[in-house]
Amino acid sequence: MALSRLRNPVISRAPSLLRARLFSSTCRSLPRSSRVLSSFADVEGTLSRTTSVPVFGRLHGHSSKTKSRIGVRYFSSADPLQTVVGMPALSPTMSQGNIAKWRKKEGDKINVGDVLCDIETDKATLEFESLEEGFLAKILVPEGSKDVPVGQPIAITVEDPDDIKNVSVPAGGGAEVKEETSEKRIGNEEKKQQTSSLKTNTAELPPHFVLGMPALSPTMSQGNIAKWRKQEGDKIEVGDVLCEIETDKATLEFESLEEGFLAKILVPDGSKDVPVGQPIAVTVEDPNDIESVKTSFSGDRMLQEDKPVRHDPTPKTKAQKTSFSRISPSAKLLILEHGLDASSIPPSGPRGTILKGDVLAAIKSVIGSSKISSSKEKQTPSPPVKSQTASPGLSGLKSTLPQADAYEDLPNSQIRKVIATRLLESKQSTPHLYLSSDVILDPLLSFRKELKENFDVKVSVNDIVIKVVATALRNVPEANAYWDVKKGEAVFSDAVDISIAVATDKGLMTPIIRNADQKSISAISLEVKELAERARAGKLKPNEFQGGTFSISNLGMFPVDHFCAIINPPQAGILAVGRGNQVVEPVVGADGIEKPGIVTKMSLTLSADHRVFDGHVGGAFLAALRSNFSDIRRLLL
């Protein structure tokens, strides 16, 4: 009887347990499935068997079917009948989620359709509804918990309110969600330090809102807090800039979309590599709630600023006699070569054998000790004292081994990290085709001089090069294309948008001149100056550096004759521009006779994606470039 009494409620609930719905007024519902793990017990309280029952709910507002595995376990009759609710998988790509807010408190009555909590997934924020009546006995994961793995228990429900005080927490059910933060360590070793998440029961706090690190660009996965514009306790208006965030592209301003007060800053100025979604601040609506929220949020979530760490080789060496029975041949050669005392080298081989690694370790320690002693002598000069306990073999090593220099680690900016990753991917995945040609620069220089003298228009050589390249792309539209990886085909672009490389302190930026083929040279010149200044100041907007159909990298201001640039995906071409050089060449005079003459030539190297460019398209593009350079007035047409 007891067994059947336990089975019947499970079977009657089998059609559905929980469902989630998206915050949307217009949404479609799609079925999803979950599994209910149920354990049955006999009258004596011993575990009888485990079964799996399919459970179907509905997820509203999602375009594809998802499977949510919600672990539900029923314990023996010796314990109260309880249900363990696990973190569901509410989207196909969801592996973890955040508990944004609990709508029900411990002890509350749960009716069918009641929202238990709000769960923030990798797609949107969902309401987690109950399709079963009961009482919320225990909340295992509090509000504000981040990165809760799918399947981890988050709450316990019971049918009888008298069983609330007798619920038993399953093993691992109350585990706190932890965040991993990496900390640099001196040398080549790295260690991971786990910091516990917020321990405060946020349900007991006044109304507040936790701000997470926003994704300010499509490729942004982490960012740096450059500067907080607002301080704790400040009033926040709609549109106020809270802080400046350094992304993988530029430094952007993080604006507030709501009014309130900044109660607590969780991530201070200068924090590096803050993951997207990690809480960075807490705001409140009532200024009287600032102190209570501020004191309740511990500083465990704060990230420590990565600062340059100076490393000095400080190995501790101590000359001591060791016993050994044999020496390997390679170790013996090193000992003789460097004049070491074999009795001072600790053996690590079997049966007390000194190996090659033991000798190398001894050499390294002697180098470090000699470096330390020499640096101390420079800092605190003292009368020369004859050393009576010098390390064995030190005198021989001074003349044969180089000194180890101290070094300093400089943290890489987020922009440089992304540039390094994208350039490596480009060289590894994009088949580069290189085509070079020399063009005569004299017509361009004469045209530039004429503009300055007759019209007082000052433009640079790079401004005219941009116009020349844009006109050539318009004349050869096959070159104004990119490779679509998903479709596996070339896609032609209607607009001619030229990306120009601008060197900044934080890395190379590529602001874009939109529709360059339709703009005058003077308009291009003004836009280039404005974009370059904003790029160096880190004030570019995302639409000003994202996109582009072709790139230009100009090193003509340096003593660089020619070079090969790396393609900037998803673009299919980049033109490397070298400096102009005067050379002697046969020149046909007005009388039709060739005479030696001095001309200024400039080297152009095209790096093209061979999946888009073949030899014919690349040759036609370079031919159009040469034609434009030879008759620069064609740009005015």
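**Close-up views of the predicted model**

Phe621 has a relative accessible area of 0% and is therefore buried; buried means under 20%, exposed over 50% and partly exposed in between, with a 1.4 Å probe and protein chains only. The model is predicted, so local features need pLDDT of at least 70 and side-chain atom pairs count only at pLDDT 80 or more, while totals for chains, interfaces and linings use all residues. Residues are numbered from 1 along each chain as its sequence is written, and side-chain values use heavy atoms, without hydrogens and water.

**View 1. The aromatic pair of Phe550 and Phe621.** One aromatic pair is found in the structure. The ring centres of Phe550 and Phe621 are 5.4 Å apart and their planes meet at 55°, so the pair is tilted. Phe550 belongs to strand β33 (residues 550-554) and Phe621 to helix α11 (residues 615-630), so that the pair links distant parts of the chain, 71 residues apart. Rings of Phe, Tyr and Trp (its six-membered ring) pair if their centres lie within 6.5 Å; planes under 30 degrees apart are stacked, over 60 edge-to-face, and the rest tilted.

**View 2. Lysines over phenylalanine rings.** Lys109 has its charged end over the ring of Phe135, 5.4 Å from the ring centre. The charged end of Lys235 lies over the ring of Phe261, also 5.4 Å from the centre. The criterion is NZ of Lys or CZ of Arg within 6 Å of the ring centre and within 35 degrees of the ring normal.

**View 3. The surroundings of Thr251.** Thr251 is part of strand β18 (residues 251-255). Helices (H or I, at least four residues) and strands (E, at least two) are DSSP runs, numbered from the N terminus. With 10% relative accessibility, Thr251 counts as buried. Leaving out residues up to four places away in sequence, Thr251 touches Glu244, Ile245, Glu246, Lys506, Gly538 and Lys539, where contact means heavy atoms within 4.5 Å.

View 4. The protein chain has a mean pLDDT of 75, and 70% of its residues reach 70 or more. pLDDT is the predictor's confidence in each residue, from 0 to 100. Where it is low, the predicted coordinates should not be read in detail.
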